[in-house]
Amino acid sequence: MDEALKSKVKFSVNSSKITMLQPYGLKVGLLDRLQTTKIEYWIKWEDMVDTDQGWLLQEGNSLKCDVSAIRPGCFKVFAVVTLSDNTVITTDLKDIEVRYPHADKDIANSPVVKAKMEEVWQATKNAMTTTHRQEKGCWIYLNTLTGQYEFGDIDNGPLVENNGKDGGHISPSVPKKVKQSESPLEHGYYRVAYFHTHTPWKNCPENSRRPVGPSDKDREWGSDSKNAPLFVYDYKGKYDLYTETCLLLGGHELNDPAEVVYVGIDRCRTPRNAYEY
């Protein structure tokens, strides 16, 4: 390969880190008015050897590749440029990380996700009886074929007595996993977060109280990089000067102000190869 000629073909990426469903943002620049008959953009997993070609993202004569990234992972991208005299130039590899959606910037801002959280929160309030209450939750998924967030079946925590002592809890179900080939061009169904509610304290004794917001167990689970961002829907409570925390008091109004917060990691861990999830 004529290195002087190769140096006239510039390959770049807009950003080395992008989020799923965003364009790859690859570009080819040609110096000295070079003429091309074909430009190919290729992608392969980070751990593939140099002799592995990978997968063709786009073929044509465009200087830009804005194909959307549909699979999370750490990849190498490059371009193969065919000049008008049939000289073929393969550019150097560039690193690009396709990351899962961010809990706060992406997932929490989705109208579909917001609506589902409101639905589950209302179901939690409706499930309260004079004697018991129950946490509810579900997995949040991203379907790259539709480009939409979807939801798993509702998980129900155990029934907890309204004695003002026992706190509610829930165990997340095993998330669904769709088997895929190695191809980063294959659409998939990815778990991106878990969401659950805390319970009303309305029918608990009026002299009882509990802290609001994520519990210690919530924080522990959400901070584990093997898991996912954790959203918690709970009452805001009232600030207590003595404990310097916000507390929910027994006998409060069922529709008192509440909010969703997330705890732990910002996004699921990016796979390093085709076999991680």
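Predicted model: local features only at pLDDT ≥ 70, side-chain atom pairs only at ≥ 80, totals over all residues.
Visitor: Which residue does Glu119 form a salt bridge with?

Guide: The partner of Glu119 is Lys116, and the closest N and O atoms of the two are 3.2 Å apart; a salt bridge here is a side-chain nitrogen of Lys or Arg within 4 Å of a carboxyl oxygen of Asp or Glu. Both residues sit in helix α3 (residues 111-127), and because they are 3 residues apart there, about one helical turn separates them. Helices (H or I, at least four residues) and strands (E, at least two) are DSSP runs, numbered from the N terminus.

Visitor: And Lys116, buried or exposed?

Guide: Lys116 is buried, with a relative accessible area of 16%, whereas Glu119, at 47%, counts as partly exposed.

Visitor: OK, staying with α3, which of its residues are buried?

Guide: In α3 the buried residues are Val113, Lys116, Met117, Val120, Trp121, Thr124 and Lys125. These buried residues pack against α2 (103-107) and against several strands, namely β11 (136-143), β12 (148-151), β15 (189-197), β17 and β20 (258-263).

Visitor: You mention β17. Which strand is Asp234 in, and what does Asp234 touch?

Guide: Asp234 has its place in strand β17. Setting aside residues up to four places away in sequence, Asp234 touches Trp121, His198, Arg210, Pro211, Val212, Gly213, Ala258 and Glu259, where contact means heavy atoms within 4.5 Å. The Trp121 in that list is also one of the buried residues of α3.

Visitor: What do the side chains of Arg210 and Asp234 meet in?

Guide: Arg210 and Asp234 meet in a salt bridge, at 2.7 Å from N to O. Arg210 lies in strand β16 (residues 209-211) and Asp234 in strand β17 (residues 230-235), so this pair ties together parts that are 24 residues apart in sequence. Arg210 is buried at 11% relative accessible area, and Asp234 counts as buried too, at 2% relative accessibility.

Visitor: How many salt bridges does a search of the whole structure find?

Guide: That search finds 10 salt bridges. Asp32, for example, forms a salt bridge with Lys8, the closest N and O atoms being 3.0 Å apart. This pair links distant parts of the chain, since Asp32 lies in the loop between β3 (26-30) and β4 (36-45) and Lys8 in the loop between α1 (3-6) and β1 (9-13), 24 residues apart. Asp32 is exposed, with a relative accessible area of 58%, while Lys8 counts as partly exposed, at 27%. Elsewhere, Lys38, Glu40 and Glu59 are linked in a network of salt bridges.

Visitor: Changing topic: in what order do the strands of the sheet with β16 run?

Guide: The order is β16-β19-β18, an open sheet of 3 strands with antiparallel pairing; two strands pair if DSSP finds at least two bridges between them. At the edges stand β16 and β18 (238-240), each with a single partner strand, so one side of each is left without a neighbour in the sheet. Strand β18 pairs with strand β19 (residues 245-249) in the antiparallel sense over 3 bridges, and Tyr239 stands opposite Cys246 in β19.

Visitor: And what's the order in the open sheet that has β3?

Guide: That open sheet has 3 strands in the order β1-β3-β6, and its pairing is likewise antiparallel. Its edge strands are β1 and β6 (64-65), each of which pairs on one side only. Between β3 and β6 the antiparallel pairing runs over 2 bridges, and the bridge partner of Leu26 in β6 is Cys65.

Visitor: Last one: where does Thr91 lie, and is Thr91 buried or exposed?

Guide: Thr91 lies in the loop between β8 (88-90) and β9 (94-99), and counts as buried, at 7% relative accessibility. Leaving aside neighbours within four places in sequence, Thr91 is in contact with Lys6, Val9, Phe11, Phe78 and Ala79.

Conventions. Residues numbered from 1 in each chain as written. Heavy atoms only, no water. Buried < 20%, exposed > 50% of the residue type's maximum accessible area, 1.4 Å probe, protein only.
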